[in-house]
Amino acid sequence: MKYRVIYNKGLPKSMLEKIKNREYTLDEIHSMYQVIKRNYDAKQKGWIRAMIILIICIVGVGGLGITKVQQQALIVYLFSIGFVAGLCILILIYAKINAVNKEMNQLQKALEIGYPELAERFFVKS
């Protein structure tokens, strides 16, 4: 059986090298940025939806289950809900870093090296 790892490789290495070496025209860079930005916005919306659904599920299951738990097992139940919530938070953080932000961060770093004038325009430092 073949195992699959959930990992986003990001942008192709050849594209990043060409950006760093200024091998693209400004129009090509602008087009790439628009496509990557559109994908980033869609992933960001999906991540926010997933976060909201996960919070509703954990609160819903926790709230429904707390009415059926006996007093002696309440501490164990609350600990288990907290543990599951903590795992879900870690998964959401991993998804945010690896799936949502990765390509935009790679583009930003490559543009800062190859096209610093565009990096300032596209990515405003706050």
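A salt bridge is counted here where a side-chain nitrogen of Lys or Arg lies within 4 Å of a carboxyl oxygen of Asp or Glu. By this rule the structure has three salt bridges, one of which joins the side chains of aspartate 41 and lysine 37 at 3.4 Å, N to O. The model is predicted: local features need pLDDT of at least 70, side-chain atom pairs count only at pLDDT 80 or more, and totals for chains, interfaces and linings use all residues. Residues are numbered from 1 along each chain as its sequence is written, and side-chain values use heavy atoms, with hydrogens and water left out.

**Salt bridges**

- Aspartate 41 and lysine 37 are four residues apart in helix α2, and they are therefore separated by about one helical turn; helices here are DSSP runs (H or I, at least four residues), numbered from the N terminus.
- Aspartate 41 is partly exposed at 31% relative accessibility, and lysine 37 is likewise partly exposed, at 28%; buried means under 20% relative accessible area, exposed over 50%, and partly exposed in between, with a 1.4 Å probe and protein chains only.
- Lysine 43 pairs with glutamate 103 in a salt bridge whose closest N and O atoms are 3.3 Å apart.
- Because lysine 43 belongs to helix α2 and glutamate 103 to helix α4, this pair ties together parts that are 60 residues apart in sequence.
- Lysine 43 is partly exposed, at 31% relative accessible area, whereas glutamate 103 is buried, at 16%.
- Arginine 22 and glutamate 117 meet through their side chains in a salt bridge of 3.5 Å, N to O.
- Arginine 22 sits in the loop between α1 and α2 and glutamate 117 in helix α5, so the pair ties together parts that are 95 residues apart in sequence.
- Arginine 22 has a relative accessible area of 45% and is partly exposed; glutamate 117 is also partly exposed, at 39%.

**Nonpolar core**

- The largest nonpolar core has 18 residues, of which Ile19, Ile29, Leu107 and Leu111 touch the most other members.
- Helices α1 (13-20), α2 (26-66), α4 (102-114) and α5 (116-122) each supply at least two residues of this core.
- Such a core is a set of buried Ala, Val, Leu, Ile, Met, Phe, Trp, Tyr and Cys residues joined through side-chain atoms within 4.5 Å.
- Isoleucine 29 is in contact (heavy atoms within 4.5 Å) with Ile19, Tyr24, Leu111, Tyr115, Leu118 and Phe122, leaving aside neighbours within four places in sequence.

- Glutamine 44, in helix α2, counts as buried at 19% relative accessibility.
- Apart from neighbours within four places in sequence, glutamine 44 is in contact with Lys96 and Val100.
- Glycine 46 is also placed in helix α2 and is partly exposed, with a relative accessible area of 33%.
- The C-alpha atom of glycine 46 is separated by 9.1 Å from that of valine 100, although the two residues are 54 places apart along the chain.
- Leucine 74 lies in helix α3 and is partly exposed, at 22% relative accessible area.
- Not counting residues up to four places away in sequence, leucine 74 touches Ile66 and Val69.

**Nonpolar surface patch**

- Phe79, Phe83, Val84, Leu87, Ile89, Leu90, Ile93 and Ile97 form a nonpolar patch on the surface, with about 810 Å² of accessible area together.
- Accessible areas come from the Shrake-Rupley method with a 1.4 Å probe, and for residues only the protein chains shown count as cover.
- Patches are made of residues with over 30% relative accessible area and no salt bridge; like charges are joined within 9 Å, and nonpolar side chains (Val, Leu, Ile, Met, Phe, Trp, Tyr) within 5 Å.
- Leucine 90 of this patch lies in helix α3 (residues 74-100) and counts as exposed at 55% relative accessibility.

**Cysteines**

- The structure holds zero disulfides, a disulfide being a pair of cysteine sulfur atoms within 2.5 Å.
- Cysteine 57 is in no disulfide, and its nearest cysteine sulfur, that of cysteine 88, is 9.0 Å away.
- Cysteine 88 is likewise in no disulfide.
- Cysteine 57 is partly exposed, with a relative accessible area of 42%, whereas cysteine 88 is buried, at 15%.
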